[in-house]
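Here is a briefing on one structure.

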Amino acid sequence: AGPFTHRHSRMIAVRPAAPDNVLHGPKQLSQEALLAVQRSGITSARRLLCMSELELVEALDLYVSDVRAVVAAAAAVCAPPPSTAQQLMREAPLPTGLAALDGHLGGGLRPGSVTEIVGASAVGKTELCLAVAAEALVTGHARGAGVVYVDTECGFKATRLLQLVGRSLQRRGVQADPHELLYRVTVLAADEWEGYEQCLSRIRALFQDDTRLATGLLVVDSIAAPARAHFERARLSERQRLLSSHAALFKSLAEEEGLVVLVTNQVQGSSGSVDGGLRELSRVGEPEDEMSACLGTSWAHCVNVRLVLHSAEQPPAAVGATFAPPRRQLRVAKANFCSAASFDLDATLEGLVQAAG
């Protein structure tokens, strides 16, 4: 029999001492199958669902028909429960603070989904992440919403976040102490792959065990930095496999905890030279654009929304002004619920703001 090619890989714990408490699908498994799972040492539904049919036959020492029953039972455990339309309406989007973008996205970034910001170095990806984090703290302060921020590029600045939180509080007329809101931000820093994976292993427990976080925001800034530094060209397949497992974790957390997941990604030239000669690219710019997103098409298919941030043509300074703020363009490049669109932004001391005119 051929391997299963479509598996759900959400991380659901399976208690090895009592697999029958978890592996119960539409059809009750036989006692033999339950004991086989217990003896195999397979301790999570994710691990089971990532194995091929042949691997499971060997690991469980069962007939193919029994293996398929085990897989069906594990998949049933992982499947999200049905929701009514009214329940989905209660999942309010998270505003970005950019009114035009929020209006186009139907209110902001959607809980239960993964949004990616793609852009070159120093274009403003971290600034936008901090702005969204500030909005999450302010708009969700009444219910105790928090933020987990995974920093892989040493770009997180608490003082900048404090400024953005203060400005959001003032703009929205919310009475709260910005310093107190920062206690709801958990920062995990890692500048190399091993530390990054350790951070990811802690994330689920953080959201489940820390009542300060509640339903909020997960930021990974950036997912490309540790992957590009760690994997050589000969290890592309291993990189993509691990990135797929990380994407499964992000999507699982988004769905189960009602989170907004926001990740940043880097870009590289069409020659691939920025990424050590790698040519497995995913196009993000306009047809004439020579920059592409890192990590390839496999990763690109894992995100629900892709926003592309890049420098735009600098406008002339306004009358009486000494200079014009740097101009940026933010483009909605991928979203299954709205059309593509572009928005001109100015990079100011107040943050990224809608460009005048």
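Contact here means heavy atoms within 4.5 Å. Helices (H or I, at least four residues) and strands (E, at least two) are DSSP runs, numbered from the N terminus. This is a predicted model: local features need pLDDT of at least 70, side-chain atom pairs count only at pLDDT 80 or more, and totals for chains, interfaces and linings use all residues. Residues are numbered from 1 along each chain as its sequence is written, and side-chain values use heavy atoms, with hydrogens and water left out.

- Two packed helices are described by the angle between their axes and the distance between the axes.
- Axes are lines fitted to C-alpha atoms, for helices over the stretch in contact, and angles run from 0 to 180 degrees between N-to-C directions.
- Helix α7 spans residues 125-139 and helix α8 spans residues 158-172; they pack at about 50°, with axes 9 Å apart.
- The two helices α7 and α8 are therefore oblique to each other. Angles under 35 degrees count as roughly parallel, over 145 as roughly antiparallel, 65 to 115 as roughly perpendicular, and the rest as oblique.
- The crossing of α7 and α8 is right-handed. A crossing is left-handed if the near helix is turned anticlockwise from the far one by less than a right angle, and right-handed if clockwise.
- On the α7 side, the contact residues are Glu127, Leu130, Ala131, Ala133, Ala134, Glu135, Leu137, Val138 and Thr139. They meet Arg160, Leu161, Leu164, Val165, Ser168, Leu169, Arg171 and Arg172 in α8.
- The residues of this contact divide into 10 nonpolar, 2 polar and 5 charged. Ala, Val, Leu, Ile, Met, Phe, Trp, Tyr, Cys and Pro count as nonpolar, Asp, Glu, Lys and Arg as charged, and the others, Gly among them, as polar.

**Helix pair α10 and α12**

- Helix α10 (residues 193-209) and helix α12 (residues 236-257) cross at roughly 15°, and their axes come within 11 Å.
- That angle makes α10 roughly parallel to α12.
- The crossing of α10 and α12 is left-handed.
- Trp193, Tyr196, Glu197, Leu200, Ile203, Arg204, Phe207 and Gln208 are the α10 residues in the contact. Their partners in α12 are Leu242, His246, Leu249, Phe250, Ser252, Leu253, Glu256 and Glu257.
- By class, the α10–α12 contact has 9 nonpolar, 3 polar and 4 charged residues.

**Salt bridges**

- Side chains of opposite charge can pair when their charged atoms come close.
- The structure holds 8 salt bridges. A salt bridge is a side-chain nitrogen of Lys or Arg within 4 Å of a carboxyl oxygen of Asp or Glu.
- Glu53 and Arg68 form one of them, at 2.8 Å from N to O. Glu53 lies in helix α3 (residues 53-60) and Arg68 in helix α4 (residues 64-78), so the pair ties together parts 15 residues apart in sequence.
- Glu53 is buried, at 2% relative accessibility, whereas Arg68 is partly exposed at 44%. Buried means under 20% relative accessible area, exposed over 50%, partly exposed in between (1.4 Å probe, protein chains only).
- Glu116 pairs with Arg306, the closest N and O atoms being 2.5 Å apart. Glu116 sits in strand β1 (residues 113-119) and Arg306 in strand β9 (residues 305-311), so this pair ties together parts 190 residues apart in sequence.
- Glu116 is buried at 0% relative accessible area, and Arg306 counts as buried at 5%.
- Arg171 bridges to Glu135, with the closest N and O atoms 2.4 Å apart.
- Glu135 counts as buried, at 3% relative accessibility. Salt bridges that share partners join Glu135, Arg171 and Arg172 into one network.

**Backbone details**

- Most residues other than glycine have a negative phi, and most peptide bonds are trans.
- The peptide bond from Asp221 to Ser222 is cis, with omega near 5°. Ser222 is in the loop between β4 (217-221) and α11 (224-230).
- Asp61 has a positive phi, near 55°. Asp61 lies in the loop between α3 and α4 and counts as exposed at 64% relative accessibility.
- Ala122 also has a positive phi, about 65°. Ala122 lies in the loop between β1 and α7 and counts as exposed at 71% relative accessibility.
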